[in-house]
Amino acid sequence: MEVLKEKVEEEEAAEREEAAQRAERGEKIMRPPEVQVRKEETSMTQEMLRDLEKKLSEIEVADPGRPSIITKDTIDTSKLPLSYQSNTLKEEHLLQVADNFSLQYSQLCPDRVPLFLHPLNECEVPKFMSTTIRPTLMPYPELYSWDGCAQFVADFLSMVPLSDPLKPPSHLYSSTTVLKYQKGNCFDFSTLLCSMLIGSGYDAYCVNGYGSQDLCHMDLTREVCPLTVKPKKTVQEKEKAPPKKYSVKPPRDLSSKFEQEQEMKKQEEIKAEEERRLTEEEARLQELENANPDPLHGLRVHSWVLVLSGKREVPESFFIDPLTARSYSIEDNHFLGIESLWNHKNYWINMQDCWNCCKDLVFDLGDPVRWEYLLLGTDKPQLSTTEEDDNDLNDDDDEENLGNEEEDMSFDMPYSWVEQIEISPETFETRCPNGKKVIQYKRAKLEKWTPYINSNGLVCRLSTYEDLECTKTLEIKEWYQNREDTLELKHINVVTGLNTDYFKPGHPQALRVHSYRSMKPETDRVMEFYETARVDGLIKREETPKTMTEYYQGRADFLSYRHVYFGPRVKKLALSSAESNPRPMVKITERFSRNPAKPADEDVAERVFLILEERIQLRYHCREDRITASKREFLRRTEVDSKGNKVIMTPDMCITFEVEPMEYTKKLLYQYEAMIQLKNEEKLSRHQAWESELEVLEILKLREEEEEAHTLTISIYDTKRNEKSKEYREAMERVMHEEHLRQVEAQLDYLAPFLAQLPPGEKLTRLQAVRFKDECLSDFKQRLIDKANLIQARFEKETQELQKKQQWYQENQVTLTTEDEDSYLSYCSQAMFRIRILEQRLNRHKELAPLKYLALEEKLHKDPRLV
């Protein structure tokens, strides 16, 4: 204590000088506690020490570097359910069982740390660990696998370190509260992840144990980012075709074997030097890491999730770190020991030695020697006893033991006190706290954003660096979502300057991959396309300042390859482009796939147009039973000479090599027709190459516009963000409401037919108002009279029909059958009913008509439009 040391400064002058000298050498000295206490007692009384201790205890030192955590002051416990604020009788019984178990455990294993059984929840109520797990199956397909659940928990929550790294937390909040505030410690992470995994069908358990410093602090600076690890390519060995009996032997190798051996030695030396350099670098980094050992190694408390094999086709058991969503083998060195583990049904204590971390642990939870369970009603199978032990057991003892077991197994784990875990679609989409999360890896930095939070649709960025300090950037990868141009990934190589854009299906130009160094035309670039979305079957286009190569697939003309070599422009314009001043084509090479409908000697395999030399070279496909292919070369000349005379086809204009010469191919007419056809195809090829240049310019212009606009697409089902559909829907509702109001007003306005006689915009005069009033009253009076006459006419009609029926009955009464009499009586009954109803309606109309007339007259008198 500094105050006490100042009090005895005179008595310890010699010791202070010695301590100062040692401090300069980086040493520290501690006095024996007995001597210090003795001297403090001689210099200060007990009352002074108590007063000083009281004053020092009142001083509170805040830790500014520790992030804020959830406390009872930040939670409104009044709104929490009753299960959060109190325990049921069954839960109280379970707590008593747990306390009794903990007491026996501490007596039998005094060297072990106290069990972590029932921490306090957000309402300061003790809750058993297993009842805090609430198995829940989420309604999202991504959260049905363990990696999807782990990634969501790691992205959605912010990690808060334990207040004491050597002890488990005193509070364990519910998963609903943790999801609400989006923060928690490793135990909160594990509880939420375990609840989701058990709900998805996994055999998952929360683990209370000890981890490395990097694992507890969520420090990934020594780990390699998973996105930077390239998947291993499986090389499939091609089956070598059996050699043909009469195949041509390869030429003899005349190169020097001594030079080859020297070159191999040189390559091996270079490779060994590179491996040695990498080994030294790794050793140096390992020394730097080991230079600062963790003083609390093996003592830091950590919680993670154990997934046992068996369910959901899990082949072998593994650990999941909920802070980073990474999976580890159960033999990984990051996990130094296990104290206990639990799920929603039981609680197990590890009775195995963890001297070799978790490598030698056996996760057979049914073995009571290795794992001591709290409740007997575990779903794990018990180890079976040997047959000799079974024969020695007495039947009476079995019956008594069976009764005791049934009595013990009658108590099972209470239902979870936590409410149903719910994740709304907005919450599931948000993922990262505050919309962004940054993870630092070894020579890499990973940044994640919530969708739609960036105007360009950026959701993830991975930056890789050359050094450990992350100062020299090597490459950048950016992932996008909801882009209107279907851009999915942008790969930027900072060293070479190569940019590669990857697109999803749906781009206007069917782009799949675009690699470039500059967006200027006639530079190095590679474009790959979705061939099924294009009519011409183009799958790839490579362009350089002097060449353009295109690859095709699935064309009707079997074209698979086109290579165009350009020459320098004749005129140097200020704005030179393919449209205004196209580059002159020097050579066009086209290759074709095999057409099975033609013979091999007539099916062209390669066609070369030497434009400046005015030559056309053809190479045909080779037959399977031949070792050479036919060739033909045409010396293309102008159709007329300098004097205007027509040039005649001569034999020297066609040079032919045929494997099997044919008579018709030697004729000049055949050669002339072939040359004319090749001229037309040359024009077509040049035109298609020119169109390809224009298409490249169009794509580059479109990409520049898309990068400037970077418009995002919003689903029609996303009513929250889709402003266009929202505005359209509100406008339609407003129009429909106004139309409904107009219809209602038109139906209720009794003066509408009369006011319609006035011209638009003209005011109503007094004479017109009196005339409209009289017309309205007379019209209403006429309607009342017409209604009375209609009821009277129907009454008289029914009466006449009834009288006619009665007269008919009187005339034919003797000859009527029983059925006729029944039908007559039924008709009379219905007719009398209709006559009586009409009579009542007529009487009522006569009573109400004068009243309705007076009411209308009074209403017209009070109408402001007729005043």
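In strand 6, S327 is the bridge partner of I320. Strands here, like helices, are DSSP runs numbered from the N terminus, with at least two residues of type E for a strand and at least four of type H or I for a helix. The model is predicted, so local features need pLDDT of at least 70 and side-chain atom pairs count only at pLDDT 80 or more, while totals for chains, interfaces and linings use all residues. Residues are numbered from 1 along each chain as its sequence is written, and side-chain values use heavy atoms, with hydrogens and water left out.

Start with the whole protein. Its secondary structure comes to 20 helices and 25 strands. Of its 867 residues, 35% are buried. Buried means under 20% relative accessible area, exposed means over 50%, and partly exposed lies in between, with a 1.4 Å probe and protein chains only. Contact means heavy atoms within 4.5 Å. Among contacts between residues at least 6 apart in sequence, 55% join residues at least 24 apart.

Two strands pair if DSSP finds at least two bridges between them. Strands of a sheet pair through backbone hydrogen bonds, either parallel or antiparallel.

Four bridges join strand 6 to strand 5, and the two run antiparallel. Strand 5 (residues 318-321) then pairs with strand 4 over three bridges, again in the antiparallel sense. There, F319 of strand 5 stands opposite L306. On to strand 3 (residues 204-211), which is joined to strand 4 by seven bridges and runs antiparallel to it. Across that pairing, C206 faces V305 of strand 4.

Take V307. Leaving out residues up to four places away in sequence, V307 touches L197, Y202, D203, A204, V314, S317, F318 and I320.

In soluble globular proteins, nonpolar side chains tend to be buried together. A nonpolar core is a set of buried Ala, Val, Leu, Ile, Met, Phe, Trp, Tyr and Cys residues joined through side-chain atoms within 4.5 Å. The largest one has 59 residues, and F128, L143, L197, V307 and Y347 have the most contacts inside it. Helix 10 (residues 186-199) gives the most to this core, with nine residues. A second, separate core has 34 residues, including L458, L559, F566 and V696.

Look next at helix 10. Helix 10 is mostly covered, with 13 of its 14 residues buried. At its start, a side-chain oxygen of N185 reaches to within 3.0 Å of the backbone nitrogen of F187. Just after the helix, G201 takes a positive phi of about 100°.

R632 is found in strand 24 (residues 631-635) and is buried, with a relative accessible area of 6%. Its side chain makes polar contacts with the side chains of T656, at 3.5 Å, and E658, at 2.8 Å. A polar contact is a pair of N or O atoms within 3.5 Å; within protein, one must be able to donate a hydrogen and the other to accept it, and residues adjacent in sequence count only if both atoms are side-chain atoms.

R483 sits in the loop between strand 13 (473-480) and strand 14 (487-493). R483 also counts as buried, at 6% relative accessibility. Leaving aside residues up to four places away in sequence, R483 touches N456, E706, E707, H710, T711, L712 and T713. The C-alpha atoms of R483 and S455 are separated by 9.8 Å, with the two residues 28 apart along the chain.
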